[in-house]
Amino acid sequence: MQPISFLDLAAQKEKIAPDLESRMAAVLSHHRYILGPEVQELEEILARRAGMKHAVTCSSGTDALLLALMAQNIGPGDAIFTTPFTFVATAEVVELLGATPVFADIEPDSFNICSKALAAQIDRVNKESDLTPKGVIAVDLFGLPANYASINDLAAQHNLFVIADAAQSYGGSLNQKPVGGLAGISATSFFPAKPLGCYGDGGAVFTDDDEIANAFTSIRMHGKGTDKYDNVRHGLNARLDTLQAAVLLAKLPIFDEEIAARNRMAKAYTDGLHNVVATPVVPANAVSAWAQYSILVENRDQVAAILKEAGVPTAIYYPKPLHLQTAYASHGHSVGDFPVSENASDRILSLPVHPYLDDEQVSFVIDAVCDACSKTKSAI
Ligand SMILES: *Cc1c(COP(=O)(O)O)cnc(C)c1O
(Lines give C-alpha, C1' and ligand atoms only; values in the text may rest on other atoms or scores of the structure.)
Protein backbone atom coordinates (compact mmCIF):
# COMPACT_ATOMS: atom_id res chain seq x y z
CA MET A 1 0.00 0.00 0.00
CA GLN A 2 1.15 3.54 -0.79
CA PRO A 3 1.71 5.82 2.21
CA ILE A 4 -1.46 7.77 3.08
CA SER A 5 -1.26 11.53 2.64
CA PHE A 6 -3.74 14.06 4.00
CA LEU A 7 -3.84 15.82 0.64
CA ASP A 8 -2.30 14.64 -2.64
CA LEU A 9 -1.74 17.49 -5.07
CA ALA A 10 0.97 15.53 -6.90
CA ALA A 11 -1.43 12.76 -8.02
CA GLN A 12 -3.89 15.37 -9.23
CA LYS A 13 -1.20 17.26 -11.14
CA GLU A 14 -0.11 14.05 -12.84
CA LYS A 15 -3.67 13.55 -14.06
CA ILE A 16 -4.15 17.05 -15.51
CA ALA A 17 -0.53 17.69 -16.60
CA PRO A 18 -0.98 18.09 -20.40
CA ASP A 19 -3.93 20.48 -20.12
CA LEU A 20 -2.36 22.34 -17.20
CA GLU A 21 0.92 22.84 -19.02
CA SER A 22 -0.68 24.06 -22.23
CA ARG A 23 -2.99 26.43 -20.35
CA MET A 24 -0.10 27.87 -18.34
CA ALA A 25 2.06 28.13 -21.46
CA ALA A 26 -0.71 30.10 -23.17
CA VAL A 27 -0.61 32.69 -20.37
CA LEU A 28 3.18 32.81 -20.55
CA SER A 29 2.94 33.61 -24.23
CA HIS A 30 0.14 36.22 -24.18
CA HIS A 31 1.54 37.89 -21.01
CA ARG A 32 -1.81 39.25 -19.85
CA TYR A 33 -1.11 38.33 -16.25
CA ILE A 34 -3.79 40.56 -14.72
CA LEU A 35 -7.42 39.97 -15.83
CA GLY A 36 -6.30 38.09 -18.92
CA PRO A 37 -8.80 36.13 -21.03
CA GLU A 38 -8.60 33.03 -18.79
CA VAL A 39 -10.13 35.04 -15.93
CA GLN A 40 -13.23 35.85 -17.94
CA GLU A 41 -13.45 32.31 -19.31
CA LEU A 42 -13.34 30.97 -15.75
CA GLU A 43 -15.92 33.47 -14.48
CA GLU A 44 -18.35 32.45 -17.21
CA ILE A 45 -17.97 28.78 -16.30
CA LEU A 46 -18.29 29.46 -12.57
CA ALA A 47 -21.45 31.54 -13.04
CA ARG A 48 -23.00 28.89 -15.30
CA ARG A 49 -22.16 26.05 -12.91
CA ALA A 50 -23.69 27.96 -9.99
CA GLY A 51 -26.77 28.98 -11.96
CA MET A 52 -26.03 32.60 -11.06
CA LYS A 53 -25.82 35.69 -13.25
CA HIS A 54 -22.42 36.71 -11.95
CA ALA A 55 -19.25 35.05 -10.68
CA VAL A 56 -16.45 37.52 -9.95
CA THR A 57 -13.07 36.02 -9.16
CA CYS A 58 -10.74 37.56 -6.61
CA SER A 59 -7.47 37.08 -4.77
CA SER A 60 -8.58 34.75 -1.94
CA GLY A 61 -11.54 33.40 -0.01
CA THR A 62 -10.86 36.01 2.66
CA ASP A 63 -11.03 38.79 0.07
CA ALA A 64 -14.19 37.21 -1.36
CA LEU A 65 -15.83 37.66 2.06
CA LEU A 66 -14.41 41.16 2.35
CA LEU A 67 -15.77 42.09 -1.11
CA ALA A 68 -19.16 40.70 -0.10
CA LEU A 69 -19.29 42.91 3.00
CA MET A 70 -17.79 45.99 1.32
CA ALA A 71 -20.37 45.76 -1.47
CA GLN A 72 -23.00 46.11 1.30
CA ASN A 73 -21.20 49.12 2.81
CA ILE A 74 -20.68 47.40 6.14
CA GLY A 75 -18.90 49.45 8.80
CA PRO A 76 -18.82 50.54 12.44
CA GLY A 77 -22.07 49.98 14.35
CA ASP A 78 -23.18 47.09 12.14
CA ALA A 79 -23.73 43.59 13.51
CA ILE A 80 -22.93 40.58 11.34
CA PHE A 81 -24.09 37.23 12.72
CA THR A 82 -21.90 34.19 12.23
CA THR A 83 -20.60 31.02 13.86
CA PRO A 84 -17.63 30.80 16.22
CA PHE A 85 -16.74 27.34 14.84
CA THR A 86 -15.03 28.36 11.61
CA PHE A 87 -11.74 29.50 10.15
CA VAL A 88 -10.87 32.94 11.51
CA ALA A 89 -11.29 34.69 8.12
CA THR A 90 -15.10 34.53 8.47
CA ALA A 91 -15.13 36.92 11.43
CA GLU A 92 -11.86 38.70 10.69
CA VAL A 93 -13.28 40.50 7.65
CA VAL A 94 -16.13 41.85 9.80
CA GLU A 95 -13.64 43.22 12.33
CA LEU A 96 -11.44 44.70 9.58
CA LEU A 97 -14.36 46.86 8.45
CA GLY A 98 -14.98 48.06 12.01
CA ALA A 99 -18.24 46.12 12.26
CA THR A 100 -19.05 43.61 15.01
CA PRO A 101 -19.27 39.85 14.53
CA VAL A 102 -22.00 38.41 16.75
CA PHE A 103 -21.65 34.68 17.26
CA ALA A 104 -24.43 32.11 17.33
CA ASP A 105 -23.72 28.48 18.25
CA ILE A 106 -23.72 25.56 15.81
CA GLU A 107 -25.86 22.45 15.37
CA PRO A 108 -24.13 19.44 16.99
CA ASP A 109 -24.36 17.14 13.98
CA SER A 110 -23.78 19.45 11.00
CA PHE A 111 -21.30 21.85 12.69
CA ASN A 112 -23.13 24.64 10.84
CA ILE A 113 -24.88 27.65 12.40
CA CYS A 114 -28.06 26.76 14.29
CA SER A 115 -31.08 28.77 13.11
CA LYS A 116 -32.62 28.82 16.60
CA ALA A 117 -29.42 30.17 18.13
CA LEU A 118 -29.20 32.68 15.29
CA ALA A 119 -32.79 33.87 15.89
CA ALA A 120 -32.03 34.29 19.60
CA GLN A 121 -28.93 36.36 18.87
CA ILE A 122 -30.76 38.60 16.41
CA ASP A 123 -33.45 39.26 19.06
CA ARG A 124 -30.81 39.90 21.70
CA VAL A 125 -28.94 42.44 19.56
CA ASN A 126 -32.23 44.17 18.65
CA LYS A 127 -33.23 44.45 22.32
CA GLU A 128 -29.97 44.87 24.18
CA SER A 129 -27.39 46.61 22.01
CA ASP A 130 -26.76 49.74 19.99
CA LEU A 131 -25.62 47.67 17.03
CA THR A 132 -27.69 47.55 13.85
CA PRO A 133 -28.21 44.00 12.57
CA LYS A 134 -27.19 43.97 8.91
CA GLY A 135 -26.36 40.47 7.77
CA VAL A 136 -25.55 36.84 8.38
CA ILE A 137 -22.47 34.94 7.23
CA ALA A 138 -23.41 31.26 7.23
CA VAL A 139 -20.46 28.88 6.90
CA ASP A 140 -20.65 25.58 4.99
CA LEU A 141 -18.26 23.85 7.32
CA PHE A 142 -16.25 20.89 6.01
CA GLY A 143 -18.11 21.20 2.68
CA LEU A 144 -21.69 20.72 3.87
CA PRO A 145 -24.03 23.57 2.87
CA ALA A 146 -25.65 25.27 5.86
CA ASN A 147 -29.43 25.11 6.27
CA TYR A 148 -30.16 27.96 3.84
CA ALA A 149 -33.92 27.34 3.72
CA SER A 150 -34.28 28.45 7.32
CA ILE A 151 -31.36 30.91 7.38
CA ASN A 152 -32.60 32.79 4.28
CA ASP A 153 -36.15 32.88 5.74
CA LEU A 154 -35.03 34.18 9.10
CA ALA A 155 -32.79 36.78 7.46
CA ALA A 156 -35.65 37.96 5.24
CA GLN A 157 -37.92 38.38 8.29
CA HIS A 158 -35.32 40.66 9.86
CA ASN A 159 -34.30 42.43 6.66
CA LEU A 160 -30.75 41.02 6.79
CA PHE A 161 -28.60 39.94 3.86
CA VAL A 162 -27.09 36.46 3.77
CA ILE A 163 -23.54 35.71 2.68
CA ALA A 164 -22.63 32.05 2.26
CA ASP A 165 -19.04 31.38 3.34
CA ALA A 166 -18.68 28.60 0.79
CA ALA A 167 -14.87 28.44 1.07
CA GLN A 168 -15.09 24.72 1.85
CA SER A 169 -18.24 23.73 -0.02
CA TYR A 170 -17.64 24.54 -3.68
CA GLY A 171 -18.85 21.42 -5.52
CA GLY A 172 -21.59 20.69 -2.99
CA SER A 173 -25.32 21.28 -3.40
CA LEU A 174 -28.62 21.62 -1.55
CA ASN A 175 -31.94 20.45 -3.06
CA GLN A 176 -30.05 19.93 -6.36
CA LYS A 177 -29.01 23.60 -6.31
CA PRO A 178 -25.24 24.02 -6.54
CA VAL A 179 -23.17 25.91 -3.98
CA GLY A 180 -22.66 29.45 -5.26
CA GLY A 181 -26.42 29.84 -5.71
CA LEU A 182 -27.70 29.16 -2.20
CA ALA A 183 -27.63 32.68 -0.73
CA GLY A 184 -27.85 36.28 -1.99
CA ILE A 185 -24.06 36.34 -2.10
CA SER A 186 -21.73 33.36 -1.90
CA ALA A 187 -17.98 33.58 -1.34
CA THR A 188 -15.63 30.72 -2.10
CA SER A 189 -11.90 30.04 -1.88
CA PHE A 190 -9.46 28.40 -4.28
CA PHE A 191 -6.72 27.98 -1.65
CA PRO A 192 -4.76 24.86 -2.69
CA ALA A 193 -6.26 22.63 0.01
CA LYS A 194 -9.91 23.49 -0.73
CA PRO A 195 -11.99 21.09 -2.87
CA LEU A 196 -11.25 23.23 -5.96
CA GLY A 197 -7.83 24.74 -5.35
CA CYS A 198 -5.44 26.72 -7.52
CA TYR A 199 -1.64 26.94 -7.10
CA GLY A 200 -1.66 29.89 -4.74
CA ASP A 201 -4.41 32.10 -3.36
CA GLY A 202 -7.69 32.68 -5.13
CA GLY A 203 -11.42 33.07 -4.59
CA ALA A 204 -14.72 34.09 -6.11
CA VAL A 205 -18.01 35.76 -5.22
CA PHE A 206 -21.37 34.89 -6.75
CA THR A 207 -24.54 36.96 -7.05
CA ASP A 208 -27.59 37.49 -9.23
CA ASP A 209 -27.64 41.21 -8.45
CA ASP A 210 -26.15 43.40 -11.23
CA GLU A 211 -25.39 46.30 -8.92
CA ILE A 212 -23.60 44.14 -6.37
CA ALA A 213 -21.63 42.39 -9.13
CA ASN A 214 -20.62 45.79 -10.41
CA ALA A 215 -19.45 46.74 -6.91
CA PHE A 216 -17.36 43.53 -6.78
CA THR A 217 -15.50 44.31 -10.01
CA SER A 218 -14.98 47.88 -8.83
CA ILE A 219 -13.78 47.03 -5.33
CA ARG A 220 -11.39 44.30 -6.48
CA MET A 221 -9.64 46.97 -8.59
CA HIS A 222 -9.16 49.93 -6.23
CA GLY A 223 -12.76 51.10 -6.41
CA LYS A 224 -12.57 51.77 -10.13
CA GLY A 225 -15.34 53.61 -11.98
CA THR A 226 -14.91 53.68 -15.74
CA ASP A 227 -11.28 52.55 -15.29
CA LYS A 228 -8.51 52.07 -12.74
CA TYR A 229 -7.76 55.83 -12.70
CA ASP A 230 -11.37 56.81 -12.08
CA ASN A 231 -11.91 55.96 -8.41
CA VAL A 232 -15.51 56.01 -7.20
CA ARG A 233 -15.11 54.22 -3.85
CA HIS A 234 -12.41 52.80 -1.58
CA GLY A 235 -11.35 49.43 -2.85
CA LEU A 236 -8.67 46.78 -2.78
CA ASN A 237 -6.13 45.15 -5.02
CA ALA A 238 -7.94 41.82 -4.96
CA ARG A 239 -7.92 40.25 -8.42
CA LEU A 240 -7.31 36.61 -9.30
CA ASP A 241 -4.06 36.16 -11.28
CA THR A 242 -4.53 34.98 -14.85
CA LEU A 243 -2.14 32.08 -14.15
CA GLN A 244 -4.38 30.91 -11.30
CA ALA A 245 -7.41 31.11 -13.58
CA ALA A 246 -5.51 28.90 -16.06
CA VAL A 247 -4.83 26.35 -13.30
CA LEU A 248 -8.50 26.29 -12.30
CA LEU A 249 -9.60 25.88 -15.94
CA ALA A 250 -7.33 22.82 -16.15
CA LYS A 251 -8.77 21.38 -12.92
CA LEU A 252 -12.48 21.96 -13.62
CA PRO A 253 -12.89 19.13 -16.18
CA ILE A 254 -12.05 16.52 -13.49
CA PHE A 255 -13.64 18.37 -10.58
CA ASP A 256 -17.05 16.65 -10.61
CA GLU A 257 -15.34 13.24 -10.66
CA GLU A 258 -13.22 14.33 -7.71
CA ILE A 259 -16.30 15.37 -5.74
CA ALA A 260 -17.91 12.01 -6.56
CA ALA A 261 -14.77 10.22 -5.34
CA ARG A 262 -14.81 12.20 -2.09
CA ASN A 263 -18.47 11.24 -1.62
CA ARG A 264 -17.74 7.54 -2.19
CA MET A 265 -14.94 7.70 0.34
CA ALA A 266 -17.06 9.55 2.88
CA LYS A 267 -19.74 6.88 2.54
CA ALA A 268 -17.17 4.13 3.12
CA TYR A 269 -15.89 5.94 6.23
CA THR A 270 -19.40 6.41 7.61
CA ASP A 271 -20.35 2.77 6.92
CA GLY A 272 -17.18 1.59 8.64
CA LEU A 273 -17.11 4.01 11.57
CA HIS A 274 -20.64 5.04 12.56
CA ASN A 275 -20.79 2.43 15.34
CA VAL A 276 -17.50 3.59 16.82
CA VAL A 277 -17.33 7.39 16.61
CA ALA A 278 -19.73 10.23 15.82
CA THR A 279 -19.63 10.38 12.02
CA PRO A 280 -20.76 13.42 10.00
CA VAL A 281 -24.47 13.64 9.23
CA VAL A 282 -25.47 14.80 5.75
CA PRO A 283 -29.17 15.64 5.31
CA ALA A 284 -30.91 13.73 2.48
CA ASN A 285 -31.30 16.94 0.41
CA ALA A 286 -27.61 17.91 0.62
CA VAL A 287 -24.39 16.90 -1.12
CA SER A 288 -21.20 17.78 0.72
CA ALA A 289 -18.01 18.73 -1.11
CA TRP A 290 -16.15 16.91 1.70
CA ALA A 291 -13.40 19.46 2.15
CA GLN A 292 -12.93 17.51 5.36
CA TYR A 293 -14.32 14.27 6.79
CA SER A 294 -14.49 15.02 10.49
CA ILE A 295 -15.40 12.67 13.31
CA LEU A 296 -16.01 13.39 16.98
CA VAL A 297 -14.06 11.19 19.35
CA GLU A 298 -13.15 11.11 23.03
CA ASN A 299 -9.43 11.38 23.90
CA ARG A 300 -8.93 13.02 20.54
CA ASP A 301 -5.25 13.85 20.95
CA GLN A 302 -4.35 10.30 22.00
CA VAL A 303 -6.33 8.86 19.10
CA ALA A 304 -4.56 11.24 16.69
CA ALA A 305 -1.16 10.22 18.08
CA ILE A 306 -1.90 6.52 17.61
CA LEU A 307 -3.17 7.16 14.08
CA LYS A 308 -0.03 9.11 13.23
CA GLU A 309 2.08 6.23 14.50
CA ALA A 310 0.08 3.86 12.25
CA GLY A 311 0.70 6.08 9.21
CA VAL A 312 -2.67 7.86 9.13
CA PRO A 313 -2.29 11.64 9.07
CA THR A 314 -5.13 13.64 10.65
CA ALA A 315 -5.87 17.32 11.28
CA ILE A 316 -7.83 19.35 13.81
CA TYR A 317 -10.25 21.95 12.46
CA TYR A 318 -10.59 23.93 14.70
CA PRO A 319 -8.83 23.50 18.05
CA LYS A 320 -10.21 26.76 19.49
CA PRO A 321 -13.51 28.44 18.59
CA LEU A 322 -13.29 32.11 17.68
CA HIS A 323 -15.02 33.44 20.82
CA LEU A 324 -12.13 32.04 22.89
CA GLN A 325 -9.36 33.44 20.67
CA THR A 326 -7.16 36.25 22.00
CA ALA A 327 -8.00 38.44 18.99
CA TYR A 328 -11.69 38.31 20.01
CA ALA A 329 -11.12 38.85 23.75
CA SER A 330 -12.70 42.32 23.58
CA HIS A 331 -16.08 40.64 23.02
CA GLY A 332 -15.88 39.43 26.62
CA HIS A 333 -16.82 35.82 25.94
CA SER A 334 -15.85 32.96 28.21
CA VAL A 335 -15.89 29.18 28.23
CA GLY A 336 -19.48 27.96 28.24
CA ASP A 337 -20.89 30.71 26.01
CA PHE A 338 -21.12 28.45 22.92
CA PRO A 339 -21.00 24.93 24.36
CA VAL A 340 -21.69 23.04 21.11
CA SER A 341 -18.77 24.75 19.38
CA GLU A 342 -16.53 24.20 22.39
CA ASN A 343 -17.42 20.52 22.53
CA ALA A 344 -16.66 20.18 18.81
CA SER A 345 -13.28 21.91 19.24
CA ASP A 346 -12.36 19.42 21.97
CA ARG A 347 -13.39 16.29 20.06
CA ILE A 348 -13.13 16.99 16.33
CA LEU A 349 -10.68 15.03 14.19
CA SER A 350 -10.45 15.13 10.40
CA LEU A 351 -9.40 12.02 8.43
CA PRO A 352 -7.76 12.01 4.98
CA VAL A 353 -10.50 12.29 2.32
CA HIS A 354 -8.82 13.51 -0.89
CA PRO A 355 -9.89 11.95 -4.23
CA TYR A 356 -6.63 10.02 -4.76
CA LEU A 357 -6.96 7.53 -1.91
CA ASP A 358 -7.70 3.97 -3.03
CA ASP A 359 -10.07 1.44 -1.41
CA GLU A 360 -7.23 -0.28 0.39
CA GLN A 361 -6.10 2.98 1.98
CA VAL A 362 -9.64 3.86 3.02
CA SER A 363 -10.09 0.43 4.67
CA PHE A 364 -6.75 0.88 6.38
CA VAL A 365 -7.86 4.23 7.82
CA ILE A 366 -11.14 2.71 9.06
CA ASP A 367 -9.34 -0.19 10.77
CA ALA A 368 -6.76 2.17 12.27
CA VAL A 369 -9.47 4.43 13.72
CA CYS A 370 -11.32 1.44 15.23
CA ASP A 371 -8.08 0.15 16.67
CA ALA A 372 -7.06 3.56 18.13
CA CYS A 373 -10.51 3.98 19.67
CA SER A 374 -10.48 0.58 21.30
CA LYS A 375 -6.96 1.09 22.68
CA THR A 376 -7.96 4.43 24.24
CA LYS A 377 -11.61 3.53 25.01
CA SER A 378 -12.59 6.54 22.94
CA ALA A 379 -15.67 5.31 21.14
CA ILE A 380 -18.61 7.69 21.39
C1 LIG B 1 -10.27 28.80 3.79
C2 LIG B 1 -11.41 29.52 4.38
C3 LIG B 1 -11.56 30.91 4.24
C4 LIG B 1 -10.51 31.78 3.63
O5 LIG B 1 -10.08 31.44 2.37
P6 LIG B 1 -8.61 31.88 1.88
O7 LIG B 1 -8.65 31.61 0.42
O8 LIG B 1 -7.63 31.06 2.61
O9 LIG B 1 -8.47 33.32 2.17
C10 LIG B 1 -12.70 31.48 4.75
N11 LIG B 1 -13.63 30.78 5.39
C12 LIG B 1 -13.51 29.44 5.56
C13 LIG B 1 -14.59 28.70 6.26
C14 LIG B 1 -12.39 28.79 5.08
O15 LIG B 1 -12.26 27.47 5.28
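Started with Trp290, which I found in the loop between strand 10 (286-287) and strand 11 (293-296). Its phi is positive, about 50°, although Trp290 is not a glycine. For the record, helices (H or I, at least four residues) and strands (E, at least two) are DSSP runs, numbered from the N terminus.

Housekeeping: this is a predicted model, where local features need pLDDT of at least 70 and side-chain atom pairs count only at pLDDT 80 or more, while totals for chains, interfaces and linings use all residues. Residues are numbered from 1 along each chain as its sequence is written, and side-chain values use heavy atoms, with hydrogens and water left out.

Next I checked Asn175, in the loop between strand 6 (173-174) and strand 7 (177-178). Asn175 is not a glycine, yet has a positive phi of about 50°.

Then I looked up the cis peptide bond that joins Tyr317 and Tyr318, with omega about 5°. Tyr318 sits in the loop between helix 9 (300-310) and helix 10 (339-347). I noted these spots because most residues other than glycine have a negative phi, and most peptide bonds are trans.

Tyr318 came up again at the largest pocket: Phe87, Gln168, Phe191, Lys194 and Tyr318 lie nearest its centre, out of 23 lining residues. (A pocket is an open set of points on a 1 Å grid over the protein atoms alone, where a 1.4 Å probe fits, with protein on both sides within 12 Å along at least five of seven lines; lining residues have an atom within 4 Å of a point.) Helix 3 (61-70) and helix 4 (89-96) are the elements giving two or more residues to that lining, and helix 3 has the largest share, 3 residues. I also see at least three lining residues from each of domain 1 (9-253) and domain 2 (255-375); the bounds come from an automatic or database domain assignment.
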